[in-house]
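Colleague: Could you walk me through how to read a structure that is new to me? I would like to take it one feature at a time.

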Amino acid sequence: MKNTLILKTKDVNKDIKDIEKAAEILKNGGIAAIPTETVYGLAADAFNGEAVKKIFEAKGRPQDNPLIVHISDFEQIYKIAREVPESAKRLCEKFWPGPLTVILPKREEVPAETSGGLDTVAVRMPSNKIANKIISLSCPLAAPSANISGFPSPTSFSHVECDMTGRADAICDGGDCDVGVESTVITLAVNPPVLLRPGGITLSELREVLGEVKVADAVLNPMKKDEVAASPGMKYKHYSPKADITIVRGNLFEFKEYSEKNPEFDGILCFEGEEKYFKDRITVTMGSEKDSFSQAHRLFDALRELDEKGAKKVLSRSPSKEDVGLAVCNRLYRAAAFKIANGITRPVVGLTGPTGAGKGYVGEYLKKKGCYVCDTDKIAREITEPGSPFLDRLKEEFGEDIINGGGSLNRKLLAQRAFKDRESQEKLNKLTHPEILRISLERCRDALDRGAAAAVIDAPLLFESGGDKLCDTVICATAPEDVRLERIIKRDNLTTEEARRRMSVQQDDSFYREKSEFCVVSCDDSDIEKQLEPFFRKYIKEQVL
Ligand code: TXA
Ligand code: MG
C-alpha cells in the first residue's frame, strides 16, 4: 500500500503549488492520477520504462495493452512518432487539444513498456487545462484510464479516489470530466485509417477531414476467438460493473413490456424521466434519450451507481449509435458483455408482387404511416458498385475478368456467364439473395431501433429468395393484367410485345396470394388504406404507456 497524496488541482492559477507537486512526482518516476477532459488518467513519464511499469501494477493491467502518450505541445509529437503523415497534421490541427488519439509509427526512444511492445504508439493532446499544465511542467505522460483494470473508467474525483487510493503516489482532484468517455482512437499507421475506439470526436467528424475511414469490427462486436486485436484494449473485458447487465432493444414501451415479463431483473438503467415507470426496481439514469453527449457524460458514473445501489441483474435501455452514441454503445455493449436482448415487437413485413402490380404505391402508403421501407432493388445495385466487398465474391465464382480495370462490374459479361444455364443462375442467386437479405434485415433492425412503426422489405423475389422466412408477415400487391401491362409499358418504355414477354416469365397472381397473409389490389380506383386495415389492426399496435 502506498501513501497516496491527495492534491487539489481545480484551478491552474490558484492551485499551482499542487500542480507543481504532481509534476515533480511524475518527473521523479512516480505515478499520479490526473484529470483530463475525457476520463481521469493514471500517469507516468512516458520515456521511463520503470515508472510506466508501476501503472500496470497499480491497475492490474495486462502488459501487452499499450498506453497513450499525452503531450501538451504539438512539436512533442516528433519525439514520439517516427513519421507524422499529412493526414495526422490535418487531424490534429482540427481536433487538438481534445479527445482524439492517433496511432503512428513509434520512435525507438519510446520504451516497450509504454507501447506494449508494438512498433506503433498512441498520442493525444488533452484539452483539460490541468492536464496540459502538468505535462508542460513535467514531460510527455503515458496514461491509461485511472480505473482498476476491467472496471468502469473514472469520471469524477470520488471514482479515482475509490480505485487508486493506496495504489498511486498522488491523486489530483480536478472535479468531474466533461466528455465522460475515453478519447476516440484512430490508427493512421494503415491506409485507409481505421477507427479503433469511438469517443468524443465522432466518425463523421473524422471522415470530414480524412475521407474514407474504416471502423474496426470490434467497435460493436465481441472479438472472435483467436482473432488478433488491432487494438489490444479490445480483447479484454471492459468497463464492467459487478452487476450483470442485459441491454434490451426497443422503445420505452417495449422495454417496459420486456421488463414486466422478466421480474428477476432488480435493476433498470434508463434515460432521464423514465424512472417513474420502474418504481418497483432499482433505477439509475444515463442521460437523456435524444442527447448522446449527456449519455456519454453519465455512463460510467451510472455503471458505478448500479453497484453502489446493490443492483445484481440489470436491464438497460439501448442508446442510439449516432455520433457520440457510437462511443456510448461501444462501452455499454462491453459492460454488458454483449448480452443484447430483442424487446422489439413491431413487425418486419415482406412486401412483394409481380412486376407492375403497384408494390410501389403500397410502399409509399406504408411510409406515410411511419413504416420504414427497404428497397432490395437498390441494395442489389449497391452491392455491385465499385468498392463493394461483394464484388470479390462474384469474382471468385465467375472469374477475375468480370471486374473492369477501374473496379466496376462488367454486367454484360456477368450476365453471359450467370445466365448461360440453370446451374450458373442458381449459383448467382445463392450468392446475391442471402447478401441482399442480410443487408435488408440489418437496415430494418436499425430502422426499428430508430422508432419506425414497422420495417418493410420490398422484394419482388421475396418468396424465391426465402426472405419471407425473415418476416413476421407478408403483404402482396396484385393488379389486373391489363393494368399491369399498361404500367410496365409506360414505366420502362417498352412495346406491348416486350411487356407481355416480361410478364409471361413471372409467377401469376395466385402464387403471391396463396403465400401472403394480406393482399392488396392496386389499381387506380382501389382504396389501399381500406385494404390494409386488417394488417394495421393485427400488426401495428398502438403503444401507450
Ligand atoms: O481518453 C483517453 O484516451 C484516456 C485518457 C486518460 O487520456 N486514456 C485511455 O487510455 O483511455 P487506455 O489505456 O484506457 O486506452 C488506450 C487504448 C487501448 O484500447 C489500447 O489498446 C489502445 O488505446 N492503444 C494504445 N496504443 C495502441 C497502439 N499502438 N495500437 C493500437 N491500439 C493502441
Ligand atoms: Mg481504459
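Predicted model: local features only at pLDDT ≥ 70, side-chain atom pairs only at ≥ 80, totals over all residues.

Modeller: Happy to. Setting aside neighbours within four places in sequence, L100 touches L91, F95, V123, R124, S183, T184, I186, I201 and L206.

Colleague: Which residues have the most contacts inside the largest nonpolar core?

Modeller: L100 is one of them, together with L42, L91, W96, V102 and I186. That core holds 56 residues. Helix α2, residues 49-59, gives the most to it, with 5 residues. There is also a second, separate core of 32 residues, and among its members are A418, I436, L441 and C444.

Colleague: How should I read a helix, then? Which residues of α8 are buried?

Modeller: Here "buried" means under 20% relative accessible area. In α8, which runs over residues 203-210, the buried ones are L203, L206, V209 and L210. Look down the helix axis and these residues fall within an arc of 130°, so they line one face of α8.

Colleague: What covers the buried residues of α8?

Modeller: The cover includes helix α4 (86-95) and the strands β5 (100-105), β9 (184-187), β10 (194-197) and β11 (214-215). Also look just past the end of α8: G211 has a positive phi of about 75°.

Colleague: Let me try the next one. Which residues are buried in α12?

Modeller: In α12, residues 359-368, they are K359, V362, G363, Y365 and L366. Down the axis of α12, the buried residues fall within an arc of 160°, so they line one face of this helix too. After α12 comes G370, with a positive phi near 90°.

Colleague: Now for empty space. How is it found?

Modeller: The general idea is that a probe the size of a water molecule, rolled over the atoms, shows where empty space is left. Take the second largest pocket here, which has about 1300 Å³ of space.

Colleague: Which residues lie nearest the centre of the second largest pocket?

Modeller: They are F419, N429, T432, H433 and L461, out of 34 residues in the lining. By kind, the lining divides into 16 nonpolar, 10 polar and 8 charged residues.

Colleague: And which helix gives the most to that lining?

Modeller: That is α16, with 9 residues. At least two lining residues come from each of α13 (376-382), α15 (411-418) and α16 (422-449).

Conventions: Residues numbered from 1 in each chain as written. Chains lettered and ligands numbered in written order. Heavy atoms only, no water. 1 Å grid on protein atoms, 1.4 Å probe; cavity = no way out; pocket = protein on both sides within 12 Å on 5 of 7 lines; lining within 4 Å. Points joined across faces, edges and corners; volume = space filled by probe spheres on them. Helix = DSSP H or I, 4+ residues; strand = E, 2+ residues; numbered from the N terminus. Nonpolar A, V, L, I, M, F, W, Y, C, P; charged D, E, K, R; others polar. Core = buried A, V, L, I, M, F, W, Y, C linked by side-chain atoms within 4.5 Å. Buried < 20%, exposed > 50% of the residue type's maximum accessible area, 1.4 Å probe, protein only. Contact = heavy atoms within 4.5 Å. Arc of directions from axis to C-beta.
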